[in-house]
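Visitor: I would like a quick tour of this model, one question at a time. Can we begin?

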Amino acid sequence: MLAVKVHKREAERVRRRLLELGVLAKGYSVKREGDYVLFPITRPVEGFELIDDEFERTEKRPHSYREVVEVPEDVRPFLPSSFDIIGDIAIIELPEELMSYGRVIGEAILKVHRHIKAVFAKGSKVEGEYRVRELIHLAGERRTETVHKENGIRLKLDVAKVYFSPRLATERMRIFEKTRPGEIIFDMFAGVGPYSVLLAKKAKLVFACDINPRAVGYLEENRLLNKTPNVLPVLGDVRRIAGKIEADRVLMNLPKFADRFLREAMLSVKNGGVVHYYGFGPEEDLFSEHEAKITGVARELGFHVEFLEGRKVRPYAPRQFNIAIDFRVLK
Ligand SMILES: C[S@@+](CC[C@H](N)C(=O)[O-])C[C@H]1O[C@@H](n2cnc3c(N)ncnc32)[C@H](O)[C@@H]1O
């Protein structure tokens, strides 16, 4: 292989020059011979001593499981480019064409991402009142409980028994930034507490309600784990406590059905307080339908609403987005 030979005093300057010229051969290690350094190159360059030598290939660590997984070429284009990581558990969505290669895909993920200990495939959509999905074990430990770190807090949870999405971390931080010290928060659909525990670091009190007993069990653990005794977990249907709380800020993180709970949210927020509403909307008109429902419920209650912000939270399905609408309630 063609190489440039230089004295070690000149090595750094020459390396930079070869990089500038775009001739330094990638994937080969530079060699040292006494006082000289040998740079492998891809084509002859003028002004340097050129020699011919053999070079060892540098070991390149794969970045993606797709570089190491062994599947037939015809199904390779179906390999997903990303997957969710919750604590030390990976959850991947496999199309039908790849389901029979689940084990090798799972093992490839374990090989490339050393901190991942178990891999599961999504076995269904998020379903039911508890908003959980079926999971299919692909590789590694047959364990579904883990501790996930996000926004400086730790959340213990069971990925098979409760809802949790790491993709909402940025949205949660956004709400944290809007929260003011001393506020009373009502997290209507709290899950294991990713909003509640985070906001409790700033707010005075957080009422955190969920109907899933497992979620509330973890919520209890997570308030201890994060030293946030100002989170008050409430197990049960949120309709039972709505209207008995006067919060500065109400969170409605149940995008599939939040519209059915607008009355409860508005009755639980104080005059001038803010509601963070979540839903799903088509790309061409993200907010109108939801805003109409919000205005309608406010009118029935004799309240006014002031829309503060509408935003895309994340893509949900083709041409569909998970959206957020922040609005103020004036009573
Ligand atoms: C989409 S998850 C959100 C959980 C959490 N906020 C998060 O970000 O991970 C919605 C949660 O609402 C709970 N839920 C559904 N219906 C409910 C109801 N009527 N009352 C209280 N909680 C309910 C579910 O059990 C689930 O944990």
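Visitor: Is Phe186 buried or exposed?
Guide: Phe186 is found in strand S11, residues 184–187; strands are DSSP runs of E, at least two residues, and helices are runs of H or I, at least four, each numbered from the N terminus. Buried means under 20% relative accessible area, exposed over 50%, partly exposed in between, with a 1.4 Å probe and protein chains only. With a relative accessible area of 0%, Phe186 is buried.

Visitor: What are the ground rules for these values?
Guide: This is a predicted model, where local features need pLDDT of at least 70, side-chain atom pairs count only at pLDDT 80 or more, and totals for chains, interfaces and linings use all residues. Residues are numbered from 1 along each chain as its sequence is written, and side-chain values use heavy atoms, leaving out hydrogens and water.

Visitor: What separates the C-alpha atoms of Phe186 and Lys312?
Guide: Along the chain, the two are 126 residues apart.

Visitor: Is Ala118 buried or exposed?
Guide: Ala118 lies in strand S7, residues 118–122. From Gly106 it is 12 residues away in sequence and 8.1 Å away in space, C-alpha to C-alpha. Its relative accessibility is 0%, so Ala118 counts as buried.

Visitor: Which domains are assigned, and how far apart are the C-alpha centres of domain 1 and domain 3?
Guide: The bounds come from an automatic or database domain assignment. It gives domain 1 (2–52), domain 2 (65–143) and domain 3 (162–330). Between the C-alpha centres of domain 1 and domain 3 the distance is 60 Å.

Visitor: How many residues surround the ligand, and which are the closest?
Guide: The count is 20 residues. The closest are Arg172, Phe189, Asp210, Val238 and Asn253.

Visitor: Which residues of helix H1 are buried, and which are exposed?
Guide: Helix H1 spans residues 11–21, and its buried residues are Ala11, Val14 and Leu18. They cover an arc of only 70 degrees around the axis (taken from the directions to the C-beta atoms), which puts them on the same side of H1. Exposed on the other side of H1 are Arg13 and Glu20.

Visitor: What is the phi of Arg319, and where does the residue lie?
Guide: Most residues other than glycine have a negative phi. Arg319 lies in the loop between strand S16 (304–317) and strand S17 (320–330). Arg319 is exposed, at 55% relative accessible area. Though not a glycine, Arg319 has a positive phi of about 60 degrees.

Key: Near = heavy atom within 4 Å.
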